[in-house]
Amino acid sequence: MTECFLVYDHYLIHDRDFMVLACFRQNDRKLLYIRYSDAEKTSIVGNVYAARIEKKVSGVGLFLVIPGDIHVFVREKNCHDPFYIKRQSTRKELCEGDLVLVQIEKDSIKTKEPEGTFTVSIKTPDFLITRPGNGIHFSKKLSAVKKEEFSRLAADDCALLIRTAASEKNAEELSSEIKNAEKKLSDIFSEGKNHTGPALVAENDDLLNRLLTSFPFAANDLTVTEIKTSDRVLFERLGDYGSLYTDEGLSLLDLYRIRTVTENLLKKTIWLKSGSNIVIEQTEALTVIDVNSAKSKKSSPVTVNREAAEVIMDQIRLRNISGIIVIDFMKMHSEDEKHQIISLMKTLGKADFARITVEDFTKLGLLEMTREKIFPSVSQTLTGHLNYGNIANVDAQ
């Protein structure tokens, strides 16, 4: 496992208070991931509510209401095994007016409602426990020895997913943590029964756990050693992971060049070492990336394209660009050169926490690819085109 550390701190941008969470590799301080969130907007991801079904749309899903007259959407594929608090009919499933338990999976984005599910989960860096459910599952990267050691672990009426990070624990330690999580789940369902209308049943207020599951650490063979902040209140909530930065002469953001990084992530043009550049144009429908030779006179097109491919994949990950992406590489002279670029892009895409699909070159010579949308891009978050994103609105493990 490669060690990494997090920087979590306040960042004032255009008189608006944001929280920034950046992940750096320990040995060379390379920035691997960065996210921003509106410090004044509280995420409801992970919260569990008693919610009233307002509308049922066949083939689409359900729309529910939670406190504050907030509407929540549950996709049809997530509408199985509801926990009923109050039913309108004992013969019909999921009727309008039913009161059910729902856990929030995603905050609202632009005009989209928050998304929820009828299963309730507790997520930690070591495991995921979900009720209702059954059986035990393992991360693909967990060793066969550890799988055998953990194979006897179980939780009543719950499904268990043991993550790669659990390899640092023994079965006894992990079993104790799972039992505590199982008890917490039971308490949530018991508390849910006490409500007669939309209400907050359980709040996800574990800051440390949210930060430790905000990026795909274990899946990418990373382990977090510390979380640095200059905010004393945040520091006290981070326990043994916390590291308080107190140098008044140089801010934490400047120490790790986060202000410079942020400025660069909002620029359209990125210069490459060869003198070439890439231009990134984000729109509502898709993102277009253009590779230009610019000041590079000696490098061949395929050499520039290979250099550009690595920078492009880094930028897509750091900027959290999603959806349809079209790349206009420099013109290549053979199908073999095109296949080299496609193969490189697919290899680089495997390191991303979001699902990437690299297609092929079109007849016009444009490479098409898609990236899974998990949370808003940096430009959407910081420029206000969409609702501001929140830390930990996805379990990235």
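This is a predicted model: local features need pLDDT of at least 70, side-chain atom pairs count only at pLDDT 80 or more; totals for chains, interfaces and linings use all residues.
Two strands count as paired when DSSP finds at least two bridges between them. β2 covers residues 16-25, runs antiparallel to β3, and is joined to it by 7 bridges.

Now zoom out a bit. β2 and β3 belong to an open sheet of 5 strands with mixed pairing, and reading across it you get β3-β2-β1-β15-β16. At the edges sit β3 (31-38) and β16 (242-244), each with pairing on one side only. Going from strand to neighbouring strand, the average turn is 25°, ignoring direction. Helix α6, residues 258-265, packs on this sheet and touches β1 (2-13), β2 and β3. The helix direction makes about 85° with that of β3.

Next stop, the nonpolar cores. The largest one has 28 residues, and those touching the most other members are I278, V291, I312, I327, F329, M345 and M369. Who supplies it? At least two residues come from each of β18 (277-282), β19 (286-292), α7 (301-319), β20 (323-328), α8 (335-349), β21 (356-361) and β22 (367-371). The largest share belongs to α7, with 7 residues.

Leaving out residues up to four places away in sequence, V291 touches N277, I278, V304, N305, A308, I312, I327, D328, F329 and M330. Apart from this core lies another, made of 27 residues, including I122, L160, A166 and L185.

Methods:
Residues are numbered from 1 along each chain as its sequence is written. Side-chain values use heavy atoms; hydrogens and water are left out. Helices (H or I, at least four residues) and strands (E, at least two) are DSSP runs, numbered from the N terminus. Axes are lines fitted to C-alpha atoms, for helices over the stretch in contact, and angles run from 0 to 180 degrees between N-to-C directions. Contact means heavy atoms within 4.5 Å. A nonpolar core is a set of buried Ala, Val, Leu, Ile, Met, Phe, Trp, Tyr and Cys residues joined through side-chain atoms within 4.5 Å. Buried means under 20% relative accessible area, exposed over 50%, partly exposed in between (1.4 Å probe, protein chains only).
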